[in-house]
Amino acid sequence: MISKVVESLQAAVADIENGATIMIGGFGTAGMPAELIAALVAQGARELTIVSNNAGNGDTGVAGLLKAKRVRKIICSFPRQADSYVFDALYRAGEIELEVVPQGNLVERIRAAGAGIGAFFTPTGYGTLLGAGKESRVINGRHYLLEHPIHADVALIKALKGDRWGNLVYRKAARNFGPVMATAARCTIAQVEEVVNLGDLDPEAIVTPGIFVQRVVPTPRDTARQ
Amino acid sequence: MNRWSRDEIASRVARDIPEGAYVNLGIGLPTLVASHFAKDREFFLHSENGILGMGPPPAPGHEDWDLINAGKQPTTLLEGGAFFHHADSFAMMRGGHLDVCVLGAFQVSVTGDLANWHTGAPDAIPAVGGAMDLAIGAKRVLVMMEHLTKKGESKIVERCTYPLTGIGCVNRIYTDLAIMDVTARGLGVVEICQGLSFEELERLTGKKGMLIEV
């Protein structure tokens with residue numbers, strides 16, 4: 001019998017290696033897999049490259065990983081927030097590399113990786129600091145930049161429910177990057193509030209089909225609550 | 001002169017958005033526009049983090065932190081609203097599906113260049129979010145901002161000195177002093193606040209020739 005369910009957070013992240021590129025779902029704290037990230041901090045992998053929309057809030061989640069000095073580089077669209085003080089201090093001290101990517105280019109680069117696209121032309125960022133040095137082309141009279149996919153070794157995401165085949169559904173706007181990142185990593189690990197039986201998820205409503213998910217970790221909501 | 005308040009600017013923006021429009025309101029001043037839509041008309045509010053049919057803020061005590069807006073504040077979903085992932089959300093923004101977006105700005109140039117993501121200060125931490133995608137992707141880009149900086153300098157300029165968000169992307173500018181359309185000949189002044197003449201507006205804005213009477 002196939003089961004992608006892994007009962008402990010520790011076991012789910014045990015094989016993540018130093019130097020890995022890790023996508024982390026979430027927009028702010030909505031959809032951020034806080035328990036998986038905490039398990040990764042405890043696991044101890046270092047020199048990580050993190051791909052996430054933000055660079056952490058407060059002291060936990062992505063900020064906890066940064067605070068533990070496990071991150072070499074972060075690729076994100078919006079690092080600076082009211083409570084991103086952990087990132088801000090590391091950045092100002094020159095202790096972390098930052099690649100700022102317009103949010104649409106960020107998600108499309110992730111999507112491209114998952115869909116096997118070699119590179120793509122996008123109008124976003126043309127003529128700006130973030131487009132400097134990139135190859136450009138005029139297509140039908142409009143300027144475009146060439147952007148490349150972002151692949152990851154691991155994606156850590158949060159969903160509402162999952163089954164043993166790895167099918168997932170999400171909750172409200174906590175869906176955000178999860179379904180896209182799941183396609184772009186060699187190993188996608190989803191923490192879910194509830195593991196349900198095969199057949200319990202309406203096949204018409206499954207958002208992430210199990211082919212994109214390697215591990216499902218039950219993480220009940222009372223502990224998953226921000 | 002009788003400068004428009006933030007609410008008066010927002011009501012003017014709301015008045016110009018047709019019923020049934022798919023609209024993205026940027027973080028900050030533009031979010032005020034939502035409260036000025038006529039109650040008997042329907043609009044589809046989009047939020048970059050995967051929401052269409054976004055409603056008003058929740059009543060105190062009813063916050064759901066899985067249901068937040070682009071500014072990461074709790075929001076609500078109207079009946080008929082939908083959730084979707086980020087790639088779909090940005091396809092809406094970049095693929096020309098949004099009818100209108102309303103953005104704040106540091107500067108707008110006479111040719112519609114927009115600078116709204118980065119002050120360019122050496123110690124500033126750059127953070128762009130979805131600003132560049134909205135600027136190039138929406139069918140109409142409206143800017144809402146104060147006409148002058150706190151130091152009294154015009155935020156409408158011949159060329160932006162702040163780092164650009166997009167080139168030639170702004171259609172209309174709403175300030176506390178005037179409403180202006182970006183045209184091939186210059187900024188066409190559509191309305192001026194009471195007690196301010198075109199010549200005075202021109203003097204506050206900068207060089208002669210940047211503004212045109214329409």
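**View 1. Surroundings of A:A155 in the predicted model.** In this predicted model, A:A155 touches A:M23, A:M181, A:A182, A:A184, A:A185, A:T188 and A:I189, when residues up to four places away in sequence are not counted. A:A155 also belongs to the largest nonpolar core, which has 131 residues, and is among the residues that touch the most other members, together with A:M23, A:L36, A:M181, A:A184 and B:V143. The largest share of this core, seven residues, is contributed by strand β8 of chain A, residues 152-162.

**View 2. Helix α2 of chain A and the residue that follows the helix.** In helix α2 of chain A, which covers residues 34-43, the buried residues are A:A34, A:L36, A:I37, A:A39 and A:L40. Just after α2(A), A:G44 adopts a positive phi of about 100 degrees.

View 3. Three strands of chain A form an open sheet in the order β5-β7-β6, and their pairing is antiparallel. The edge strands, β5 (120-122) and β6 (136-139) of chain A, each pair on one side only, and the twist from one strand to the next averages 45 degrees. Three bridges link β5(A) with strand β7 of chain A, residues 142-147, in the antiparallel sense, and A:T122 has A:L145 in β7(A) as its bridge partner. Helix α5 of chain A, residues 103-115, lies across β5 and β7 of chain A and runs at about 165 degrees to β5(A).

**View 4. The contact between chain A and chain B.** Chain B gives 30 residues to this contact and chain A gives 36 residues. On the side of chain B that touches chain A, the elements giving two or more residues are α2 (86-94) and α3 (131-137) of chain B, and α2(B) supplies the largest share, five residues. By residue type, this side of chain B comprises 17 nonpolar, seven polar and six charged residues.

Methods: Residues numbered from 1 in each chain as written. Chains lettered and ligands numbered in written order. Predicted model: local features only at pLDDT ≥ 70, side-chain atom pairs only at ≥ 80, totals over all residues. Contact = placed C-beta atoms within 7 Å. Helix = DSSP H or I, 4+ residues; strand = E, 2+ residues; numbered from the N terminus. Nonpolar A, V, L, I, M, F, W, Y, C, P; charged D, E, K, R; others polar. Core = buried A, V, L, I, M, F, W, Y, C linked by C-beta atoms within 7 Å. Buried ≥ 20, exposed ≤ 12 C-beta atoms within 10 Å, placed from the backbone. Pairing = 2+ DSSP bridges. Axes fitted to C-alpha atoms, helices over the stretch in contact; angles between N-to-C directions.
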